[in-house]
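Here are a few exercises to work through with the model open in your viewer. Try each task before you read its solution.

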Amino acid sequence: MLGDAEIQALDDHLGNVLRENQQHHENIQGLLQQFHLLLDNYNRLKSDYEEEKEAREKYKKLARGQVWAEGGMKAAQLLNDSIKELLNDQLGSQADQCRVMVRIYSNILGLSKTLARAGLVEVGSNLTTGAPVHSHHSEMFRLFADNNQCKHIFFAGCHDAGYLSLLTPYRGKADRITLIKTASFHPEYDKLGLPVREISAVFTSTSASPPVGGNNITTATRPVCRHFQKVTYQNHLVNTI
């Protein structure tokens, strides 16, 4: 039989165990409350982060579109100014009466693939036209070349030998046609007896990379513009009326 002292000791021990268990339970409850508080804060911060990320992406798209627009206007202004300078050499005082018209034709499919590989730009498929580039370009060239109201044509598609047959009938007509030297200038065009000029502010005269997949690509750079390093076109036709 247990004595009074032993029974009291057991009772005290049991009381200690119960108090420890209660303290342990309270500790667990406190930890759970802290965990739920941290979880709520995490979810709130995550939600704020996702909203901020979405807003940042929208801003980047808007900013990128604005830069493209600004760079495009800068390139157009540089091209216009450069053509006017060439016109002054060709026509003298009559150049002030001329209106500059620019026609740019591109193989969007081949161009977009090449630019995507180079990591330069994404080209939307909505820019693609159904008719062949050469057909559009040739028809437009003949239309203006045979129009007396057109004072001069600056042709910048000399990277593609396919246009030699188009220009051959106008061999030697330096008063009507000037060739613009751009990347991959085909040497056969030198035999046409047409003046060859460079527009260094808009187009480079050397290729940054060789054509890919059979597409003739002319690379143009505008180092004077801080927004763009490279602008790529396939064919260029500038008419002055």
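**Exercise 1.** Find the residues with the most contacts inside the largest nonpolar core, and say which elements build this core.

*Solution.* Start with the cut-offs: a nonpolar core is a set of buried Ala, Val, Leu, Ile, Met, Phe, Trp, Tyr and Cys residues joined through side-chain atoms within 4.5 Å. Buried means under 20% relative accessible area, exposed over 50%, and partly exposed in between (1.4 Å probe, protein chains only). In this predicted model, local features need pLDDT of at least 70 and side-chain atom pairs count only at pLDDT 80 or more, while totals for chains, interfaces and linings use all residues. Residues are numbered from 1 along each chain as its sequence is written, and side-chain values use heavy atoms, with hydrogens and water left out.

Now the core itself: it has 21 residues, and those with the most contacts inside it are Phe-141, Ile-153, Phe-155, Leu-167, Ile-177, Leu-179 and Tyr-189. Two or more residues each come from strand 1 (100-105), helix 3 (133-145), strand 2, helix 4 (164-167) and strand 3. Helix 3 gives the largest share, four residues. Helices (H or I, at least four residues) and strands (E, at least two) are DSSP runs, numbered from the N terminus.

**Exercise 2.** Work out which residues cover each face of strand 2, and how this strand pairs with strand 3.

*Solution.* Take the faces one at a time: His-152 and Phe-154 sit on one side of strand 2 (residues 152-155), Ile-153 and Phe-155 on the other, and all are buried. Next, the partner: strand 2 runs parallel to strand 3 (residues 177-180), with three bridges between them. (Pairing takes at least two bridges found by DSSP.) Across that pairing, Phe-155 stands opposite Leu-179.
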